[in-house]
Amino acid sequence: MRRGPAFKRRGVRSAPVDLDVVFLGTAGSAPTAQRGVSATLVRRGGDRLLFDCGEGTQRQLLRSDIGLVDLEEIYLTHLHADHYLGLPGMLKTFSLRGRDVPLTIHGPVGTRELVAGLRRVFGALTYPVAVEELEPGAELARDGYRLDAIAVAHGVPAVGYRLVEASRPGRFDPVVATELGIPDGPLRGALQRGDAVTLPSGERIEPSRVVGPERPGRTVVLTGDTAPCASVVDAAAGADLLVHEATFLAEERDRAQATGHSTAGEAALVAREAGVRMLALTHVSARYGGRETAEEARQLFDATVVPRDFDLVELPFAERGEPTLVARGARRRRPAQA
């Protein structure tokens with residue numbers, strides 16, 4: 001992953017960056033024939049960020065169009081087995097390939113001890129593995145965006161994650177620029193970069209006269225396992241996508257409360273209060289299908305989807321359209337013929 005400042009300098013223009021979320025494992029605590037356990041891949045430009053690594057995650061990647069890419073960062077939400085059992089096999093496979101690129105595993109308090117214990121399973125590796133434990137409120141600076149650890153409510157040390165892109169320069173208005181007598185060329189480029197210019201006539205032009213207000217970047221929030229809580233509402237305020245667990249339906253609300261999980265309706269209320277553009281429900285119990293989960297949530301928040309494994313959500317900038325669920329979007333290749 002490219003390291004760098006959390007945000008580019010104000011006024012610097014850059015090409016639009018693709019952003020999507022790939023659902024590799026959407027089941028609850030145990031896999032089913034149709035759903036693997038928790039694993040979600042966020043792709044932003046050339047960056048690949050894996051959130052949770054349940055049993056079978058490397059095989060899910062291999063079955064997808066993505067393949068088992070040399071991930072440089074893995075983020076664990078908490079240390080229940082269905083969220084990390086895929087780590088030993090994946091780390092060992094990377095080593096069998098002769099990998100030498102370092103890998104960092106982020107997670108809540110206890111992650112360092114977990115990885116130390118798993119070393120008995122995956123053994124010596126050909127590359128260094130670092131562990132970074134995160135408390136809610138921690139911020140990780142990246143090139144053009146940052147990752148925040150957010151507080152969730154699951155009864156054990158746990159964090160959710162929020163990806164926040166840097167704001168973008170406003171739109172340059174060529175019609176106004178022409179009316180002001182600004183010629184094509186370096187002067188217009190300087191204004192787009194946020195610098196004032198002086199015309200041959202001696203008139204000084206400020207960028208605000210031809211460049212609109214800054215436009216916000218995109219925000220994605222992933223909760224991991226959690227009961228509904230105010231901290232998630234706050235973290236997800238105005239987000240483009242909220243990926244929230246929905247282990248139960250309303251009929252089992254008492255059990256959800258007892259185990260630190262959410263019902264589909266409760267997740268929908270979080271999304272509605274936060275004002276997100278789309279809600280994606282995961283960690284679906286084997287006792288339910290996606291249809292029942294979606295029906296309950298959509299009574300309270302219409303912009304709800306319940307992805308299946310290998311579905312993805314594309315996230316264009318707000319001015320270019322709404323988030324879109326692409327069914328089987330990460331598995332479009334036809335299987336090889338025998």
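How many salt bridges does the count come to? A salt bridge here is a side-chain nitrogen of Lys or Arg within 4 Å of a carboxyl oxygen of Asp or Glu. By this rule the count is 20 salt bridges. Side chains of opposite charge can pair when their charged atoms come close.

This is a predicted model, in which local features need pLDDT of at least 70, side-chain atom pairs count only at pLDDT 80 or more, and totals for chains, interfaces and linings use all residues. Residues are numbered from 1 along each chain as its sequence is written, and side-chain values use heavy atoms, with hydrogens and water left out.

Start with Asp70 and Arg99. They form a salt bridge, with the closest N and O atoms 3.9 Å apart. Asp70 sits in the loop between α1 (57–63) and β4 (73–75), and Arg99 in the loop between α2 (87–96) and β5 (103–107), so the pair ties together parts 29 residues apart in sequence. Helices (H or I, at least four residues) and strands (E, at least two) are DSSP runs, numbered from the N terminus.

Arg99 is buried, with a relative accessible area of 4%. Asp70 is partly exposed, at 39%. Buried means under 20% relative accessible area, exposed over 50%, and partly exposed in between (1.4 Å probe, protein chains only).

Now turn to Glu252. This residue is buried, at 18% relative accessibility. Glu252 forms a salt bridge with Arg255, the closest N and O atoms being 3.7 Å apart. Arg255 is partly exposed, at 41%. Glu252 also meets Arg287 in a salt bridge (3.3 Å, N to O). Arg287 lies in the loop between β14 (279–282) and α9 (290–298), and Glu252 in the loop between β13 (241–245) and α7 (253–259), so this pair links parts 35 residues apart in sequence.
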